[in-house]
Each structure stands twice: as structure tokens, then as C-alpha cells.
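Biologist: Walk me through this model, please. Keep the answers brief.

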Amino acid sequence: MKQSLETALQLAVDLLLKEHGVDVHVRVQLTRPKQKDHGDYAANVAMPLAGQLNQPPRVLAEKILSMVVWPDAVEGADIAGPGFINIRLQHASEAEVVKYIVHQRELYGCVEKDENSEKICLEFVSANPTGPMHVGHGRGAVVGDALGRILAARGFDVHREYYINDAGTQIDVLASSLWKRVQQLEGLEIELEAGEYPGEYLIEAAKQLLKDYSFGQLNALNHDSEKWPLLVDYAIDKMMNMIRADLAALDINFDHYFSEKSLHDSGRVDELIEQLKADDLIYLGTLPPPKGKEVSDYKPVEQWLFRTTRFGDDVDRPLAKQDGTPTYFAADIAYHVDKFERGFKRQIDIWGADHGGYVTRVQSAMKALTGLDKQPEVLLVQMVNLMRAGEQVKMSKRAGTFVTLREVVDEVGSDAVRFNFMTRRIESQLDFDLETAKQKNEENPVYYVQYAYARVCAILRKATDEGIALMAVDSVDTSHLTSDEEKRLVAALLAYPEMLDKAANRLEAYRLATYLMDLARSLHSFYHKHRVISDDDGLTQARLLLVRAVGQVICNGLSLLGVSSPERM
């Protein structure tokens with residue numbers, strides 16, 4: 001409906017511009033007025049037109065209305081204020097959407113992917129393989145997975161990827177921590193050093209390692225060429241198995257797990273550095289002292305710097321040490337260039353908020369190497385404050401005392417974690433209360449929405465129990481749906497595709513959770529004020545069709561969030 005109205009208005013606007021010999025495009029966009037007496041849709045297109053045609057916007061609005069050919073569903077249109085065009089629809093025409101929804105089922109609001117669909121590489125989670133996931137990782141995982149589902153529903157060709165940081169100092173520290181746990185299990189008095197990983201999960205990994213190899217066998221190996229590589233590979237394998245299990249508990253899957261180590265082993269990182277040298281994009285230089293820190297003992301060190309300031313960064317960035325050893329930044333650039341070479345001209349990365357300072361340097365490097373601007377698109381996800389009955393539950397991954405994501409999922413369930421993590425914008429910190437997430441009332445958002453779907457199912461079961469046969473969808477007279485509550489539900493159902501489109505194009509997956517809470521609220525309000533099953537057969541059939549459509553949209557939306565739709569609660 002909205003598209004047909006915009007098309008009708010756009011044709012009139014284009015014709016008006018042509019008559020005045022103005023070769024510009026002024027796009028028509030409709031919005032929903034906040035006040036009911038302003039109609040069903042409104043357009044302010046006369047305002048930007050006034051600047052192009054040098055005429056008052058109200059005069060232009062009158063000309064547009066004299067030229068537009070409305071669809072049959074339009075009851076009328078008028079002009080308000082300085083030139084707003086307000087459009088009123090015949091009520092029955094909007095209510096017909098419930099038939100379309102019931103016919104479309106899970107496809108309502110979706111766009112079919114085809115050979116022209118834009119390819120997107122969506123990288124998210126990418127937690128370091130040094131232990132199980134914590135709830136901060138979990139929020140990024142849930143946001144990324146929901147966004148991937150929404151983008152795919154809107155016709156994008158989405159490839160989900162996890163970047164494994166399986167190279168560098170942290171991996172050496174992990175292997176060292178594992179070996180010390182092995183020695184401790186063998187009775188040796190050896191202590192972990194500051195900065196090593198003390199979590200109990202490494203004790204379990206050490207026990208498994210001693211089942212696969214005897215302590216004597218391990219000690220007999222050459223430390224550098226045999227034992228250390230074994231410890232590194234074993235530790236990474238166990239940590240990634242743990243992380244995959246954590247993700248599986250939330251029904252989160254990836255198309256590809258990409259290894260940082262593979263970039264080094266294949267020579268891609270070294271090749272990148274040599275290419276940049278040849279292009280005069282890196283040079284030997286020193287960095288200024290770090291800002292905001294004590295610099296009395298600062299000693300400048302010469303290293304290979306990437307000329308990122310040429311491409312929008314505020315300082316050139318280290319790419320390799322003086323001896324040629326690449327920095328983490330070098331591998332990260334190589335990874336994003338690899339994605340580009342695999343055909344992904346659009347890349348979306350979801351990072352923790354503490355990586356905000358890293359965005360510009362990566363985008364600058366990508367611009368230098370690929371010509372792409374503002375790639376990757378980076379979403380920064382704020383932290384989660386884990387609460388229990390209003391008291392904060394402390395987390396410290398390095399101290400080994402953090403609450404794992406899996407513990408939270410096991411306590412409150414996947415649905416509660418997934419939905420509640422989506423109820424706020426990612427730019428805002430999230431307070432997640434374990435006790436609230438287990439409540440069975442409107443204080444718990446996921447319960448409130450799921451209960452709305454269960455209520456729809458209960459209404460339909462009651463109709464069956466009372467011997468009411470559902471009329472053929474296209475035979476139902478939806479003009480019976482005239483109450484304010486019914487109109488609000490119809491308007492909400494009509495808004496679902498547009499909301500999904502905004503969520504996809506603005507990369508704001510939280511919009512779906514907010515929409516579902518509002519739709520559930522409207523359904524509960526309708527249920528408490530009206531009898532669905534009444535003595536009026538026509539009204540009963542119209543209301544049954546309405547609640548079926550509402551249930552379908554709730555089910556569709558929950559599915560995109562990775563949340564179940566229970567029929568009984």
C-alpha cells in the first residue's frame with residue numbers, strides 16, 4: 001500500500017518538475033502521522049520542491065493533488081500547515097493486509113534473494129580462543145546472528161564469518177598456561193605467572209591432554225619443534241570446541257571460521273607488507289609519545305609505519321617492527337583484503353565498544369588497498385552488566401572468576417538471552433538481570449511477546465473446540481474490523497515490512513525486538529477489550545483472521561531473532 005501511494009505521488013512530482021523544465025529528482029517518502037486526524041500517511045515533498053521551483057510549498061502541494069492519480073484504496077487527501085499532504089485510506093483496504101499475511105505465511109516482509117543480491121560478509125563474535133565466551137561476547141553474537149537473519153530476509157546474500165585470532169602472544173600465553181596445568185596435575189609445584197590464564201577450563205583441557213599423551217611422552221618431545229606446536233594446536237582446538245558449543249547453545253552458526261594463523265603460514269601477511277613497500281605506502285619511522293600517558297621514559301623505536309594519514313587516519317600506524325615482524329594490524333588488514341578478494345565489496349564487522357579507536361585505521365588501510373570507502377562498516381556493541389536481583393555479578397575473564405555465557409544460557413534459557421540482548425540499541429549498555437529473565441510476567445520482554453503468540457494459538461483452539469470452522473481467507477469481510485484496537489493492529493501489521501527494511505538498511509536489528517513488544521502490547525489490549533468469538537459470525541471470522549495474521553507476524557519476527565514461538569505457555 002505504501003509503495004503504491006509513493007509511486008502515485010512520485011509520478012505527479014516528476015510530471016510537475018518536467019512541466020517546469022527542472023531536471024532534478026525529488027524523492028517522495030511517506031510517513032505515518034502521529035495524530036489520527038492527520039490521516040493514514042503524510043508526505044512533505046512540497047517543501048523540498050519549493051526550493052527547486054521557487055514557489056510556496058502549499059501552492060505546490062495543491063498542484064500535486066490536482067495531478068496525482070490515486071489507487072482505489074484512497075478515500076481522499078488534503079493539505080495541512082505550510083504544505084503537508086495528508087492521505088486518508090478506505091479502512092477496508094488496509095485491513096485486507098491480514099489476508100495477504102495469512103497467504104504469505106513466513107514470507108511476509110521478506111525479499112527473495114537472486115543473482116543480483118548484494119553480497120555481504122558479516123563478521124561477528126571472533127572471540128579470542130583463550131577460554132569460554134562471556135556475556136559480553138554473547139551480546140555481539142546475538143546481535144550479529146539476528147542482523148544476519150534480517151539482512152537475509154530482506155534479500156541480501158549474507159556470508160557469516162568468525163575470525164580466529166590463533167596467532168600472537170596470547171596464544172603463546174595460552175599454551176604456556178596449559179603446560180603448567182599439566183605439570184601441576186603431575187604433582188609438580190609450579191605457579192602460574194601474572195597474565196597467564198588461571199581458569200578451571202584449562203585444568204579440564206590438561207586432564208584431556210594427559211589422556212591422549214602420557215606425561216613422559218610429552219616430556220620426551222623436542223620443546224620447540226614438537227611439544228610447543230602440539231600444545232598450541234591442542235589448546236586452540238579445545239578452546240574453539242568450547243566456543244562452538246557455547247554458540248550452538250544459542251543456535252548461532254557460521255559459514256566459515258577463518259584462521260589468522262593461515263594468513264601468516266600462507267605468506268599473505270608478508271606479501272602485503274612487500275606490496276606496500278613497493279607502493280611507497282609504508283616507511284621506517286617513529287611514533288610520537290602516546291597521548292594522555294606518562295611519557296618521561298618514552299623511547300622512540302623505529303618501525304615500519306603505514307601511511308594511513310593519507311587516507312583519513314590521524315596518525316600513521318605500525319605495520320611491522322624494524323626486523324620485519326608483522327604487527328596484529330598487518331594480519332587484520334590482510335584478512336579484510338582477503339575478504340575483498342573473495343568478492344565481498346561490502347563488509348560488516350561487529351566489535352566490542354573498546355575497539356572504537358581501531359575503526360579508522362582499518363578503514364584507512366582498506367581505502368588504500370582496495371579503493372573502498374568506509375569499509376568495513378563497523379558496529380560497536382556496548383558491554384553487558386550482568387545482574388541478579390538488582391545486584392551486579394562481577395566478571396573477570398583473566399582472573400578466572402567470570403560468569404560464562406553458557407552458565408547464563410543454562411540458567412535462563414536461550415530465548416531469554418537472545419531476545420533480551422536485543423531490546424536496546426547496541427550503543428547503550430545493557431543491564432541483564434538473571435531473575436527478571438526467568439519471570440513469567442510482562443516484566444520479562446521475551447515472555448510477554450511469546451505469550452502473545454500463545455494467546456493467538458489459544459484463541460484458535462477455542463474456536464475449534466466450539467465448532468467454528470475458519471472461512472476461506474479470501475471470503476472473509478475485513479470491513480468488520482473498525483475498533484481502535486483493531487485499527488492499531490492492522491497498522492502495525494502493515495508496518496512490519498517497512499520496519500524490517502529499516503532494520504536491514506540501517507543495521508539496527510533492535511528495531512525488530514521493539515516492534516514485537518509493541519505488537520504484543522496491541523494484541524493484549526485488543527484481547528482484553530473485545531471478544532474474538534461472538535454471536536456475529538462475520539465479525540468473528542474477521543477477528544479470527546486478524547489474530548491469525550498477528551500470530552504469523554509474531555512468529556516470523558521471533559524466528560528472525562532466533563527465538564521460539566511456543567503454542568502453549
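Biologist: Which residue in β6 stands opposite K119?
Modeller: Start with the strands, which are DSSP runs of E with at least two residues, just as helices are runs of H or I with at least four, all numbered from the N terminus. β5 (residues 119-123) and β6 (residues 157-164) pair in the parallel sense over 5 bridges, where pairing takes at least two DSSP bridges between two strands. In β6, the residue opposite K119 is D157.

Biologist: What pLDDT do local features need here?
Modeller: Residues are numbered from 1 along each chain as its sequence is written, and side-chain values use heavy atoms, with hydrogens and water left out. This is a predicted model: totals for chains, interfaces and linings use all residues, side-chain atom pairs count only at pLDDT 80 or more, and local features need a pLDDT of at least 70.

Biologist: Which strands stand at the edges of the parallel sheet?
Modeller: The sheet is open and has 5 strands, paired in parallel in the order β7-β6-β5-β11-β12. Its twist averages 25° from one strand to the next. A strand with a single partner has one side left without a neighbour in the sheet, so the edges are β7 (256-259) and β12 (377-381).

Biologist: At about what angle to β6 does α10 run?
Modeller: α6 lies across β5, β6, β11 and β12, at about 160° to β6; angles run from 0 to 180 degrees between N-to-C directions, with axes fitted to C-alpha atoms, for helices over the stretch in contact. α10 (residues 223-248) also packs on the sheet and touches β6 and β7, contact being heavy atoms within 4.5 Å. The direction of α10 makes with that of β6 an angle of about 140°.

Biologist: Which loop residue has a positive phi although it is not a glycine?
Modeller: Look at the loop between β5 and α6. A phi of about 70° occurs there, at V125.

Biologist: Where is the cis peptide bond?
Modeller: Go to the loop between α14 (359-370) and β12, which holds P376. Omega is about 0° for the cis bond, which joins Q375 and P376.

Biologist: Which residues lie nearest the centre of the second largest pocket?
Modeller: A pocket is an open set of points on a 1 Å grid over the protein atoms alone, with protein on both sides within 12 Å along at least five of seven lines; lining residues have an atom within 4 Å of a point. This one has about 1,300 Å³ of space, counted as the space filled by probe spheres set on points joined across faces, edges and corners. Of its 42 lining residues, those nearest the centre are S126, N128, H137, D354 and H355.

Biologist: Which element gives the largest share of that lining?
Modeller: By class the lining has 17 nonpolar, 18 polar and 7 charged residues (nonpolar is Ala, Val, Leu, Ile, Met, Phe, Trp, Tyr, Cys and Pro; charged is Asp, Glu, Lys and Arg; polar is the others, Gly among them). At least two residues each come from α6 (135-153), α7 (169-185), α11 (260-265), α13 (328-341) and β11 (346-352). The largest share, 4 residues, comes from β11.

Biologist: What is the volume of the largest cavity?
Modeller: A cavity is a set of grid points where a 1.4 Å probe fits but cannot get out. The count is 1 cavity of 30 Å³ or more. The largest cavity is lined by L470, M471, V476, Q541, L544, L545 and R548, which divide into 5 nonpolar, 1 polar and 1 charged. Its space comes to about 30 Å³.

Biologist: How are α2 and α3 oriented to each other?
Modeller: α2 (residues 46-53) and α3 (residues 57-67) pack with axes 8 Å apart, at about 105°. A46, M47, L49, A50 and L53 of α2 meet P57, L60, A61 and I64 of α3. Those contact residues are 9 nonpolar, no polar and no charged. Angles of 65 to 115 degrees count as such, so the two helices are roughly perpendicular.

Biologist: Which residue in β4 stands opposite Y41?
Modeller: An open sheet of 4 strands runs β1-β2-β4-β3 with antiparallel pairing, and its edges are β1 (30-31) and β3 (74-80). α3 lies across β3 and β4, at about 165° to β3. β2 (residues 41-43) joins β4 (residues 84-89) through 3 bridges. Opposite Y41 stands I87.

Biologist: Which residue in β10 stands opposite Q303?
Modeller: β9 (residues 303-306) pairs with β8 (residues 282-285) over 4 bridges, antiparallel, and I282 stands opposite F306. β9 also pairs with β10 (residues 317-321), antiparallel, over 4 bridges. There, Q303 stands opposite K321.

Note on methods. Parallel < 35°, antiparallel > 145°, perpendicular 65-115°, else oblique.
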